[in-house]
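Please look over the structure shown below before reading on. The paragraphs after it go from the whole chain to its parts.

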Amino acid sequence: MASVGLRAIRKDFGRTQVIKGIDLDIADQEFVVFVGPSGCGKSTLLRLIAGLEDATSGDILIDGRVVNNVPPKDRNIAMVFQNYALYPHMTVARNMGFGLRAARLPAAEIDQRVTAAARMLGLENLLHRRPGELSGGQRQRVAMGRAIVRDPQVFLFDEPLSNLDAQLRNQVRTEIKKLHQDVRRTAIYVTHDQVEAMTLADRIVLLRDGRVEQVGTPTDLFERPANRFVAGFIGSPAMNFLSATLENGEIVLPWMRLPAGIAGSGAVEIGIRPEDLLAGDAAPEPYRFEALVRVVEPMGSEALLVIAVGGHEFQVRLMGRIHPIAGTRMLFAINPAELHVFDAATGQSMPVVQAR
Ligand SMILES: Nc1ncnc2c1ncn2[C@@H]1O[C@H](COP(=O)(O)OP(=O)(O)OP(=O)(O)O)[C@@H](O)[C@H]1O
Ligand SMILES: [Mg+2]
């Protein structure tokens, strides 16, 4: 059992404020991902939870107990880093058991824990090898094994996949998800990759410049982004944005009007995800418009298009194996139910009240 709580956490390095007041409750067994652009404070926040940094102010709670003054080794957490830092001269088995030997556990117990973790990670046949004789993905699994054998209450991961190539990254990502389903420990995972965040998280904490922009399930952040920043960060390819005017509940675009389901008038920014621009016969009346297909990037079962209309370009993600030809004109439609509208001044999402 271990929940993790952050209460008004601040961290300054000298005169630089890095974490600017964060409150968060992570439930026992939850998988929470901290995501955000480089330098937003993800690693710092994780290191504060681990006890590798001291908070400037605020409290950190593990399992309901304030741990601000508890040294890292007594917090019952295990951390997996990006550079797995294995000992090159030790076998996989000795690497995995290293922390347990340091803690003076009996040899038989170490052996049993290492064997169990190796089985969980599919490393049974590699226990006698040295790190130099392993692939990157296998090394990362050994690093995870070293954390698992300690049977911590909380796992902390700091960009554990960033040293792996794209294919391995997907594979190990799936393994981490499986692992969490098997061992059911609280996990906090740091990444700057929104795809990793979406695929792994029970809940995502999106950070920017030392503050929380939004906390929620991947679906919450994708479908109901709190503001333009969240909307642009989550989703790949990224949401299309366009300045527009709200006039008595209608969005006025240079080439058409759309019902917005929002009262009032003023400057807004609209957001449309590439998959919400429907093409051809799928484009529902009355929100159809014709656009020039400028670029087609076929990707097998889908294609990414760049289309031009009314002096603007949009990215479109088109499902299906038959792809349009660049240079032709095609019908598209904006589905008003999937339109995001942001206050142009504040960037906050404006609640759309129409039926979805
Ligand atoms: N020991 C330190 N002394 C001074 N500044 C620091 C220190 N550690 C981190 N910082 C600064 O704090 C900010 C947040 O750093 P942090 O490493 O937490 O970012 P991050 O979100 O993990 O970024 P990345 O995605 O690049 O790993 C950065 O501006 C960084 O330069
Ligand atoms: Mg970092």
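A residue is called buried if 20 or more other C-beta atoms lie within 10 Å of its own, exposed if 12 or fewer do, and partly exposed in between, with C-beta atoms placed from the backbone. By that count, buried residues make up 35% of the 356 residues in the protein. This is a predicted model, in which local features need pLDDT of at least 70 and side-chain atom pairs count only at pLDDT 80 or more, while totals for chains, interfaces and linings use all residues. Residues are numbered from 1 along each chain as its sequence is written, and chains are lettered from A and ligands numbered from 1 in the order in which they are written.

The C-alpha trace spans about 75 × 45 × 35 Å along its principal axes. The protein has 8 helices and 20 strands; these are DSSP runs numbered from the N terminus, H or I of at least four residues for helices and E of at least two for strands. The domain assignment, which is automatic or from a database, gives domain 1 (4–230) and domain 2 (238–343). Between the C-alpha centres of domain 1 and domain 2 there are 39 Å. Two residues are in contact if their C-beta atoms, placed from the backbone, lie within 7 Å. Among contacts between residues at least 6 apart in sequence, 65% join residues at least 24 apart.

A nonpolar core is a set of buried Ala, Val, Leu, Ile, Met, Phe, Trp, Tyr and Cys residues joined through C-beta atoms within 7 Å. The largest one has 68 residues, and Val33, Phe34, Leu156 and Ile188 have the most contacts inside it. Another core, of 24 residues, lies apart from it, with Ala260, Leu305, Phe332 and Val341 among them. Leaving aside neighbours within four places in sequence, the contacts of Ile188 include Val4, Ile26, Phe34, Leu46 and Leu156.

Which residues surround ligand 1? They are Phe13, Thr16, Val18, Gly36, Ser38, Gly39, Cys40, Gly41, Lys42, Ser43, Thr44 and His192, where being near means that the C-beta atom, placed from the backbone, lies within 6 Å. The elements giving two or more residues to this shell are β2 (16–26) and α1 (42–50), and α1 supplies the largest share, 3 residues. By class the shell has 3 nonpolar, 8 polar and 1 charged residues; Ala, Val, Leu, Ile, Met, Phe, Trp, Tyr, Cys and Pro count as nonpolar, Asp, Glu, Lys and Arg as charged, and the others, Gly among them, as polar.

In α1 the buried residues are Lys42, Thr44, Leu45, Leu46, Leu48 and Ile49. Gly51 follows α1 and has a positive phi, near 90 degrees.

Strand β2 also belongs to an open sheet of 4 strands, in the order β2-β1-β4-β5 with antiparallel pairing; two strands pair if DSSP finds at least two bridges between them. β2 and β5 (65–66) are at the edges with a single partner strand each, so one side of each has no neighbour in the sheet. Strand β4 (residues 57–62) is joined to β5 by 2 bridges, and Leu61 stands opposite Val66 in β5.

Helix α2 (residues 92–102) has Val92, Ala93, Asn95, Met96, Gly97 and Leu100 as its buried residues. Their cover includes α3 and α4 (136–148). Just after α2, Arg104 takes a positive phi of about 60 degrees. Gln112 is in helix α3 (residues 107–121), and Gln112 is partly exposed because 13 other C-beta atoms lie within 10 Å.
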